[in-house]
Amino acid sequence: MPSRSPAASRTTAPARAAAPRGRRGPSHATSHAVVEKLGSALSAAGFPPMPSRVFAALLVDEDGRMTASELAEELSVSAAAVSGAVRYLSHIGLLRRERERGSRKDVFVVQDDAWRGALTNTGSTYAPIIAALADGVEHLGADTEGGERLQMSREFLEFVTAEMDGMLERWEAHKRTR
């Protein structure tokens, strides 16, 4: 594996979050160790292994932007593995795809606050589940054991959805104090 910093080969990417002058990023070995440890932790939490590693690589990267070929090289995996992983991560809102200016290459970008968007997108995540739970209660009957469990699940997800706005406000206030 080439010994380069994760961002070393990307000279055309805009410096979205460039390090201050005189400050250097971590060594490739250090970055790689962090990627593998974080990827393992995400996998243990239920994320698929390859999306876990791709997400970790983007989080660790100095500017949070990498092409598919850069990700494949960084993780020593195939382009097909990267393709499936970025599709998954895009779907759940942890990264976005951009077109490299002046190029036909796609660049995958992770936001500094990636978890916020992914975890707070309750409308598209929970709405279909809540609707299916309501339908299940209607079909089973609220007075059955299964219907009661479905109703409790529905009420919990509705509660989480309602609480999300307050949590977002508290998060934004917290970020201002950092």
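1. A contact here means heavy atoms within 4.5 Å. Among contacts in the protein chain between residues at least 6 apart in sequence, 61% join residues at least 24 apart.

2. This is a predicted model, in which local features need pLDDT of at least 70 and side-chain atom pairs count only at pLDDT 80 or more, while totals for chains, interfaces and linings use all residues. Residues are numbered from 1 along each chain as its sequence is written, and side-chain values use heavy atoms, with hydrogens and water left out.

3. The protein chain has 7 helices and 3 strands. Helices (H or I, at least four residues) and strands (E, at least two) are DSSP runs, numbered from the N terminus. Read from the N terminus, the order of elements is α-α-β-α-α-β-β-α-α-α.

4. Of the 178 residues in the protein chain, 31% are buried. Buried means under 20% relative accessible area, exposed over 50%, and partly exposed in between (1.4 Å probe, protein chains only). The chain exposes about 11000 Å², and carbon and sulfur atoms supply 56% of that area. Accessible areas come from the Shrake-Rupley method with a 1.4 Å probe; for residues, only the protein chains shown count as cover.

5. Next, the strands. Two strands pair if DSSP finds at least two bridges between them. Strand S2 (residues 96-99) runs antiparallel to strand S3 (residues 106-109), and 4 bridges join them. Strand S1 (residues 65-67) also pairs with S3 in the antiparallel sense, over 3 bridges. Phenylalanine 108 in S3 stands opposite arginine 97 and also opposite methionine 66. Arginine 99 stands opposite aspartate 106 in S3. The hairpin of S2 and S3 has 6 residues between the strands, and in this hairpin glycine 102 takes a positive phi near 75 degrees.

6. Which residue meets arginine 97 in a salt bridge? The partner is aspartate 106, at 3.1 Å from N to O. A salt bridge is a side-chain nitrogen of Lys or Arg within 4 Å of a carboxyl oxygen of Asp or Glu. Arginine 97 counts as partly exposed because its relative accessibility is 46%. Aspartate 106 is partly exposed too, at 22%. A search of the whole structure finds 9 salt bridges.

7. In one, the closest N and O atoms of arginine 154 and glutamate 158 are 3.1 Å apart. Arginine 154 is partly exposed at 25%, and glutamate 158 is partly exposed at 32%. In the other, glutamate 172 forms a salt bridge with lysine 175, with 3.5 Å between the closest N and O atoms. Glutamate 172 has a relative accessible area of 24% and lysine 175 one of 28%, so both are partly exposed. Salt bridges link Glu172 and Lys175 in a network with Asp113 and Arg116.

8. Is leucine 94 buried or exposed? Leucine 94 is buried because its relative accessible area is 1%. Leucine 94 is found in the loop between helix H4 (79-91) and S2. Not counting residues up to four places away in sequence, leucine 94 touches Phe47, Phe55, Leu89, Val110, Ala114, Trp115 and Ala118. Phenylalanine 55 is 39 residues from leucine 94 in sequence, yet their C-alpha atoms are 7.6 Å apart.

9. Valine 86, in helix H4, is also buried, at 2% relative accessibility. Leaving aside neighbours within four places in sequence, valine 86 is in contact with Val54, Leu71, Leu95, Arg97 and Phe108. Leucine 71 is 15 residues from valine 86 along the chain, and 9.9 Å separates the two C-alpha atoms.

10. Leucine 119 lies in helix H5 (residues 114-120) and counts as exposed because its relative accessibility is 53%.

11. The side chain of threonine 144 reaches the backbone nitrogen of glycine 147 at 2.9 Å. Threonine 144 is partly exposed, at 28% relative accessibility.

Definitions and conventions:
A polar contact is a pair of N or O atoms within 3.5 Å; within protein, one must be able to donate a hydrogen and the other to accept it, and residues adjacent in sequence count only if both atoms are side-chain atoms.
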